[in-house]
Amino acid sequence: MERLSLKDLREQLPVTEEVGYFQTGTYGPTLSSAVKAVTDAMEYEALHGPARPDTRQYIMEKEEAARGHLADLLNVNPEEIGIGSNTTRAMHRVLRSFDWGEGDEFVTTSLEHVSTADASRGLEQERGVNVTVVEVDESDAAFIESLDGAITEETKLFLISHIASPNGRIMPVREAVDVAHEKGVPVLVDAAQSVGQIPVDAQALGCDYLIGSGPKWLLGPMGSGYVWVSPDQSDTFRPYFTPDVGAWSKPGAPVAAPTARSRAEFGTYNHPLVIGLGQAVKTLMSVGLDTIRDHAADLSKTLREEMQDTPGVNVITPLEPGKSAGVTTLTFDGYGEEDMQGLVQWLNDERSILVKAQWLTAPLQLDKIGMRISVAGFNTEEEVRHLIDSIRDGIRR
Ligand SMILES: Cc1ncc(COP(=O)(O)O)c(C=O)c1O
C-alpha cells in the first residue's frame, strides 16, 4: 500500500486552510480522495448507465475493494460487515435482532451517546425492558466491579462505547467483554469515536457487535456507517424480516448462506458512497493509524498541559497514559449553557476555530456542559497553539 504522510492527509482537507477544525468527533471533513471516489463512481454510473453489465461489474469491483479496506481496518471478514447510513441505525439493527420483552434487561454505561439513551427509553416504553446504567467513575477497576454487579440472569445485551463521546475516555472494553461473556451476555461496542482515531481490532476486543461511523474519524462521506457482527452471532443477527432462502431462488440450486452483510443490507443502496468510505479508510491506513494516534496524542498533551495551567479551566478527560486519545473535554468555572455556546461561537467568529459545546450527560443535566475538542491526525501544532491562546483570550473577553 502507498505510504502517505500526515501532511499529505492535511492536503486532502482544503477546509483546514479556512478554519482550525477541532470537530472531527462530530463530523470530520471529508477527504478529497473520498469525495473524488464518490463523484467518479456516480459520474461513471450516470455516463454509462447503472444497469449496464459493464457498469455493474466496474462498480462492483470498486465496491468489493472498498469493503475489503474497511474489513482490513477492523481485522474482520467483509461479509461480517453491514454498511448503512450512520452509527445510530447500525445500533438499532443490533437491538432489533433481540426479542425484547417485559422484564428483560439492557445494560449500558453513564458515558454513552444520546442515541443510546434514546434507544434505552424506546426499549423501556415500547417493550417494558429494564435499563441499567452502570456509573463510570474514576477507576476502571471500580467500573468493572459495578458492571459485574449490574449484569443479571435477565440481561440480554450490554452496550459500551470504546471511546466515550462526552469526555474522550478510552473504556476498558476487553475487560468489560470478559465480565459480560462470563455471564453469557453478548456485548455491543459503540466504536463511533474510536475507529479512525486509534487502531481498532474488532476481534481483539472480543465483542459480539461493533458499530461505527464513516464521517467522523474516518473522514469519509456523510451518511455512511456500519455494523460488524462476530461469526458467533451471525445466526442470531436478524434485524429485518429476511428469509434464509429468497423467493427467487431456483428450486434445487445451491443457496448462499446468509451473512451479516446480506441480513443488514438489501434493496438498492448508494454504491458510490460505499466506494468513498473505502477510499477514506484506505487513505487513513496509508498514513497509518499508529501515526495518527501518536500525533494526536502529542498535540493533546500540549493542549491539556496548557489548559490545566489556565485559571478557571478544568480538563475532565482522563490524563493517565492509555486512558484517552485525541479528544479533550474542558469545563469552565461558572459556565452554563449560554456562556459555553457564546464562547464556542466567539471562537468560530473571531478566531476561525471550530470546537463543540458538549452536553456531558444523556439524559440532559442542564448544569453539565463542556467544550469538546477533537484533535485529529491532520491538525497541526500551530493550530493547537492558536486554539490555546484563543481560549485564554475568549474567557477573558
Ligand atoms: C459514541 C457515539 N455513538 C453514536 C453516535 C451517533 O452517530 P451517528 O450520527 O453516526 O448516528 C455518536 C455521534 O457523535 C457518538 O459519538
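Leu 219 is found in the loop between strand 7 (209-213) and strand 8 (225-229); helices (H or I, at least four residues) and strands (E, at least two) are DSSP runs, numbered from the N terminus. The structure is a predicted model, in which local features need pLDDT of at least 70 and side-chain atom pairs count only at pLDDT 80 or more, while totals for chains, interfaces and linings use all residues. Residues are numbered from 1 along each chain as its sequence is written, and side-chain values use heavy atoms, with hydrogens and water left out.

Most residues other than glycine have a negative phi, and most peptide bonds are trans. Leu 219 has a positive phi, near 55 degrees. With a relative accessibility of 3%, Leu 219 counts as buried (buried means under 20% relative accessible area, exposed over 50%, partly exposed in between, with a 1.4 Å probe and protein chains only). Asn 75, also not a glycine, has a positive phi of about 60 degrees. This asparagine, Asn 75, sits in the loop between helix 3 (53-74) and strand 2 (81-84) and is partly exposed, at a relative accessible area of 38%. A cis peptide bond, with omega near 0 degrees, runs from Ala 362 to Pro 363. Pro 363 is placed in the loop between strand 12 (356-359) and strand 13 (369-374).

The aromatic rings come next. A pair of aromatic rings is described by the distance of the centres and the angle of the planes. Searching the whole structure gives 7 aromatic pairs. Rings of Phe, Tyr and Trp (its six-membered ring) pair if their centres lie within 6.5 Å; planes under 30 degrees apart count as stacked, over 60 as edge-to-face and the rest as tilted. Tyr 44 and Tyr 58 form a stacked pair, with 3.8 Å centre to centre and 15 degrees between the planes. Tyr 44 belongs to helix 2 (residues 32-48) and Tyr 58 to helix 3, so this pair ties together parts that are 14 residues apart in sequence. Tyr 44 is partly exposed at 24% relative accessibility, and Tyr 58 is partly exposed at 30%.

Tyr 240 and Phe 266 make an edge-to-face pair, at 5.1 Å centre to centre and 85 degrees between the planes. Tyr 240 lies in the loop between strand 8 and helix 9 (260-264), and Phe 266 in the loop between helix 9 and helix 10 (271-287), so the pair ties together parts that are 26 residues apart in sequence. Finally, ring pairs link Phe 98, Trp 100, Phe 106 and Tyr 209 into a cluster.
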